[in-house]
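Dear colleague,

I am handing over the structure we spoke about, and I would be glad if you could look through it before reading my notes. Please keep it open beside this message as you read.

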Amino acid sequence: MRHAILHSLGGPATGGADTLRKRLCRAARLSLVGAILLLGGAGIEARPVAALPDAPAIGEGANARPVAAWNDFCARYPRECAVDAREAARITLTPAIRATLDSVNRRVNERIRPITDMAHWGVVDRWDFPDDGAGDCEDFQLLKRRMLVERGLPRRALRMTVVIDDIGEGHAVLMVRTDRGDLILDNKTNAILSGPRTGYTFIKREGQDGLAWVTLNGGASPVATANR
C-alpha cells in the first residue's frame, strides 16, 4: 500500500521518514480535495431539478373532433388511441426524464426524412409510423411517442396535438404534459419548448379521459396536417 501511494504521487518507494510523512500528508490533502469535488458534483446534479423551467399549461375547452386521418390511424392501430385512465395524466419532470425527451426528440428528428403525405402515400393526409425512414410531421411525433412509451412514460401524458404553425399551415406536434407544465416536441426543432415559445396557435389535442379530442385556446380546426 505504501508503495502504491508513493508511486501514484510520482515519487520513489524509498526515502526518509520525513519525506514519507510529507508525501502521505499531501496524498491525504488530495483525497480530501477529491471528496469535496465529488460532494460538489452531487450538488450540481441535484440543482437541475429546481432549475428546470416551468412551462404554462395550455388551456383546454370543449370536446373536438380529430382530423379525419386520425380516425383512420386508430382503425389500424387501436392500441395507440386507447386511453388508460389508470395511467398518470402528467409526468413528474426530473432531469432524467428531460434528458430522455431531449434524446428521443433529437434522434427521431435526425433519422427520419421529411416528406409530404402526397409524395409519400399519394394522399393529402395520412397518419402512420415512419417505419420506412420517411414521414411528415405527425409521423415524427407518433414515432417519438412510441419510443417514449417503450422507455416507460405513460401514453396518457403524451398527447398528439394539432396547431397552426409559423407559416399558417396545419401542423402536428407532441405535447408532453408534466407537473411543470406542457412541453412541445416538434420535428422542426430539436429544442423542447413551452407552448407559447413555439409561436404556434394551438387548436386541439387528444383528450386524456376518452377518445374525444379537446379544443385548445378556442382555436378553429385545420382540415389536415399536411406540413412536413
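What follows is a summary of what was found in it, with the cut-offs given where each term comes up.

This is a predicted model, in which local features need pLDDT of at least 70 and side-chain atom pairs count only at pLDDT 80 or more, while totals for chains, interfaces and linings use all residues. Residues are numbered from 1 along each chain as its sequence is written, and side-chain values use heavy atoms, with hydrogens and water left out.

I begin with the disulfide. The structure holds 1 disulfide (a pair of cysteine sulfur atoms within 2.5 Å), which joins cysteine 74 to cysteine 81 with an S to S distance of 2.0 Å. The link of cysteine 74 and cysteine 81 is left-handed, with -95 degrees about the S-S bond, and both of these cysteines are buried (under 20% relative accessible area, with exposed being over 50% and partly exposed in between, for a 1.4 Å probe and protein chains only). Cysteine 137 is also buried, with a relative accessible area of 0%.

Next comes the nonpolar core. The largest such core (a set of buried Ala, Val, Leu, Ile, Met, Phe, Trp, Tyr and Cys residues joined through side-chain atoms within 4.5 Å) has 36 residues, and those with the most contacts inside it are Trp70, Phe73, Leu101, Trp127 and Leu148. The elements that give two or more residues to this core are helix 3 (68-76), helix 5 (95-111), helix 7 (137-150), strand 4 (158-164), strand 5 (170-178) and strand 6; here helices (H or I, at least four residues) and strands (E, at least two) are DSSP runs, numbered from the N terminus. Helix 7 gives the most to this core, with 6 residues. Tryptophan 127 lies in the loop between helix 6 (117-121) and strand 3 (134-135), and tryptophan 127 is buried, with a relative accessible area of 0%. The C-alpha atoms of tryptophan 127 and leucine 142 are separated by 8.3 Å, the two residues being 15 apart along the chain.

On strand pairing (two strands pair if DSSP finds at least two bridges between them), strand 9 (residues 213-216) has two partners to report. Strand 1 (residues 60-64) pairs with strand 9 in the antiparallel sense over 3 bridges, and tryptophan 213 is the bridge partner of alanine 64. Strand 8 (residues 201-206) also runs antiparallel to strand 9, joined by 3 bridges, with valine 214 as the bridge partner of arginine 205, and strand 8 and strand 9 form a hairpin with 6 residues between them. Trp213 and Thr215 point one way from strand 9 and Val214 and Leu216 the other way, yet all are buried.

Finally, a search of the whole structure finds 2 cavities of 30 Å³ or more (on a 1 Å grid over the protein atoms alone, a cavity is a set of points where a 1.4 Å probe fits but cannot get out, and lining residues have an atom within 4 Å of a point). The second largest cavity has a volume of about 30 Å³ (the space filled by probe spheres set on the points, which are joined across faces, edges and corners). Its lining includes Trp70, Cys81, Arg159, Glu206 and Trp213.

With best regards

How values were computed:
1 Å grid on protein atoms, 1.4 Å probe; cavity = no way out; pocket = protein on both sides within 12 Å on 5 of 7 lines; lining within 4 Å.
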